[in-house]
Amino acid sequence: MKKIYRFLLWGVIIAFVYLLIFPIPMKVDKTISAVEVSLGDPSFCEPVNIIIDGTYHWKMLGDDTFNGNIKFDAYPFTMENTLAQGTNLPTLRFEGGIDSLDYGEWLDSESFGKIHTKPFFKAFIVQVFINRENGEKESWSTVDGRCIVAPASNKEEALSILRRISNNDLAPYEYWIE
């Protein structure tokens with residue numbers, strides 16, 4: 001009987017160490033309903049569908065990664081291009097749950113925004129880098145910045161998610177309330 005317990009104990013230890021060191025891949029193929037909200041216009045709330053297709057790699061220790069594509073139906077730029085990926089590098093590496101969404105060829109890509117996510121894309125926010133009238137991209141604005149919030153179907157659900165994910169790179173959720 002002691003041998004069985006010892007065998008089970010070693011099995012549990014090996015499984016735990018494996019989970020600590022190696023990522024667990026999970027296929028992601030889903031469409032999520034979201035809304036886009038704006039700091040500069042409290043009444044602005046537009047629906048957006050997000051299409052995620054790829055493999056999410058979850059790690060107990062270290063940063064999660066994602067290989068695949070994320071598209072936003074309200075933005076043709078993201079529908080026509082794919083997330084930039086270097087050779088043998090993940091498309092996204094969520095350092096603290098945050099990474100940049102860059103579309104196009106690697107090293108010659110264009111930034112769409114920054115994603116802040118909970119594991120497995122359960123809830124996430126994308127800070128959208130808005131185009132200026134002259135066509136140039138600008139960075140995030142704490143005055144009139146826009147965010148795509150998922151999964152949400154109205155402003156109240158979006159504010160709830162903003163409240164949970166708010167961090168140093170994202171304006172505190174109080175600024176989003178009318």
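1. A residue counts as buried under 20% relative accessible area, as exposed over 50%, and as partly exposed in between. Trp 58, at 23% relative accessibility, is therefore partly exposed. Phe 120, at 27%, counts as partly exposed too. These values come from a predicted model.

2. The count of aromatic pairs comes to 11. Trp 58 and Phe 120 make a tilted pair, because their ring centres are 6.3 Å apart and their planes lie at 35 degrees. Trp 58 belongs to strand β2 and Phe 120 to the loop between β6 and β7, so this pair ties together parts 62 residues apart in sequence.

3. Tyr 75 and Phe 112 have ring centres 5.0 Å apart and planes at 75 degrees, so they pair edge-to-face. Tyr 75 sits in the loop between β3 and α2 (76-80) and Phe 112 in strand β6, so the parts tied together are 37 residues apart in sequence. Both Tyr 75 and Phe 112 are buried.

4. One aromatic cluster is formed by Tyr 56, Trp 58, Phe 66, Phe 94, Phe 120, Phe 121 and Phe 124. As for charge over a ring, Arg 146 lies over the face of Phe 44, at 4.2 Å from the ring centre.

5. The largest nonpolar core holds 24 residues, and Ile 50, Ile 70, Phe 72, Leu 101 and Ile 148 have the most contacts inside it. Elements giving two or more residues to this core include β1 (24-38), β3 (64-72) and β8 (146-150). Strand β2 gives the most, with four residues.

6. A second, separate core of 12 residues includes Val 35, Ala 158, Ile 161 and Leu 162.

Terms used
Residues numbered from 1 in each chain as written. Predicted model: local features only at pLDDT ≥ 70, side-chain atom pairs only at ≥ 80, totals over all residues. Heavy atoms only, no water. Core = buried A, V, L, I, M, F, W, Y, C linked by side-chain atoms within 4.5 Å. Buried < 20%, exposed > 50% of the residue type's maximum accessible area, 1.4 Å probe, protein only. Phe/Tyr/Trp six-rings, centres within 6.5 Å; stacked < 30°, edge-to-face > 60°. Lys NZ or Arg CZ within 6 Å of the ring centre and 35° of its normal.
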